[in-house]
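Subject: Structure for your review

Dear colleague,

Please find below the structure that I am handing over to you.

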Amino acid sequence: VLFVGRIDAYKHPEKMLELLSALPDEFYGVMIGDGELADGLERMIKEMKLSDRLKWIRKLPNQEVQKYYYVADCFVNFNDKEIFGMSILEAMYQGCKVIAVHAPGPDSIIENGISGYLVKSAEDMPDLITSDEKDEKLEKHKIVERIRTNFTWEHSAALFDGWIRSALNLPPRPRD
């Protein structure tokens with residue numbers, strides 16, 4: 001189970017520890033990130049006796065982070081105010097199953113049950129992580145295709161061009 005993000009209050013990194021505690025012992029967690037809550041999180045890891053089930057990497061070059069997305073069974077996002085979610089896109093691009101708390105970013109990126117899962121709270125995540133049945137619905141190529149089709153620079157530029165042309169009452173751009 002992978003968490004990548006700032007170790008700050010708005011990202012709720014403590015939820016990763018709670019999630020790992022709720023999962024069977026054979027599940028292992030990886031956290032990548034650093035921030036203002038690092039010292040407190042370090043204490044929580046020791047208090048919750050998770051040191052042997054969690055690898056925490058505070059700093060890692062982005063090209064190395066990509067390898068973790070690729071091999072992880074799932075990526076989790078706990079930010080209930082996530083406005084976009086670049087790490088969600090990165091995980092999905094690598095074909096990683098994403099489970100995210102409902103928020104504007106995840107809601108616009110993930111097709112619930114098709115290219116990932118959206119949940120009301122972190123407490124809903126353990127069942128999705130441990131259930132093999134639900135994973136049969138998600139196909140790696142559909143997850144990757146969602147990103148390649150809807151979240152490229154070309155797609156974004158075409159959307160903006162269309163909005164601007166519409167606002168200025170200009171005809172659509174001719175297709176090549």
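This is a predicted model: local features need pLDDT of at least 70, side-chain atom pairs count only at pLDDT 80 or more; totals for chains, interfaces and linings use all residues.

**Pockets**

The largest pocket has a volume of about 270 Å³. Its lining consists of Phe84, Met86, Leu89, Glu90, Ile147, Phe151, Thr152, Trp153, Ser156 and Phe160. Two helices, H4 (86–93) and H9 (153–167), each supply at least two residues of that lining. Sorted by class, the lining of the largest pocket holds seven nonpolar, two polar and one charged residues.

The second largest pocket has a volume of about 210 Å³. The residues that line this second pocket are Ala158, Asp161, Gly162, Arg165, Ser166, Leu170, Pro172, Arg173, Pro174 and Arg175. Here the division by class is four nonpolar, two polar and four charged residues.

**Cavity**

Rolling a probe the size of a water molecule over the atoms shows where empty space is left. How many cavities of 30 Å³ or more does a search of the whole structure find? The search finds one, and the space in the largest cavity is about 30 Å³. Strand S1 (2–4) and strand S4 (74–77) are the elements that give two or more residues to its lining. The largest share, three residues, comes from S4.

**Helix H2**

Which residues of helix H2 (residues 38–47) are buried? They are Ala38, Leu41 and Ile45. These three lie on the same side of H2 because they cover an arc of only 60° around the axis. Among the elements that cover the buried residues of H2 are helix H1 (14–22), strand S2 (29–32) and strand S3 (54–57). The other side of H2 carries the exposed residues Asp39, Arg43, Lys46 and Glu47. After H2 comes Lys49, which has a positive phi, near 55°.

The lining of the largest pocket can then be followed along H4 and H9.

With kind regards

Key
Residues are numbered from 1 along each chain as its sequence is written. Side-chain values use heavy atoms; hydrogens and water are left out. On a 1 Å grid over the protein atoms alone, a cavity is a set of points where a 1.4 Å probe fits but cannot get out, and a pocket is an open set with protein on both sides within 12 Å along at least five of seven lines; lining residues have an atom within 4 Å of a point. Grid points are joined across faces, edges and corners, and a volume is the space filled by probe spheres set on the points. Helices (H or I, at least four residues) and strands (E, at least two) are DSSP runs, numbered from the N terminus. Ala, Val, Leu, Ile, Met, Phe, Trp, Tyr, Cys and Pro count as nonpolar, Asp, Glu, Lys and Arg as charged, and the others, Gly among them, as polar. Buried means under 20% relative accessible area, exposed over 50%, partly exposed in between (1.4 Å probe, protein chains only). The arc is that of the directions from the helix axis to the C-beta atoms. Contact means heavy atoms within 4.5 Å.
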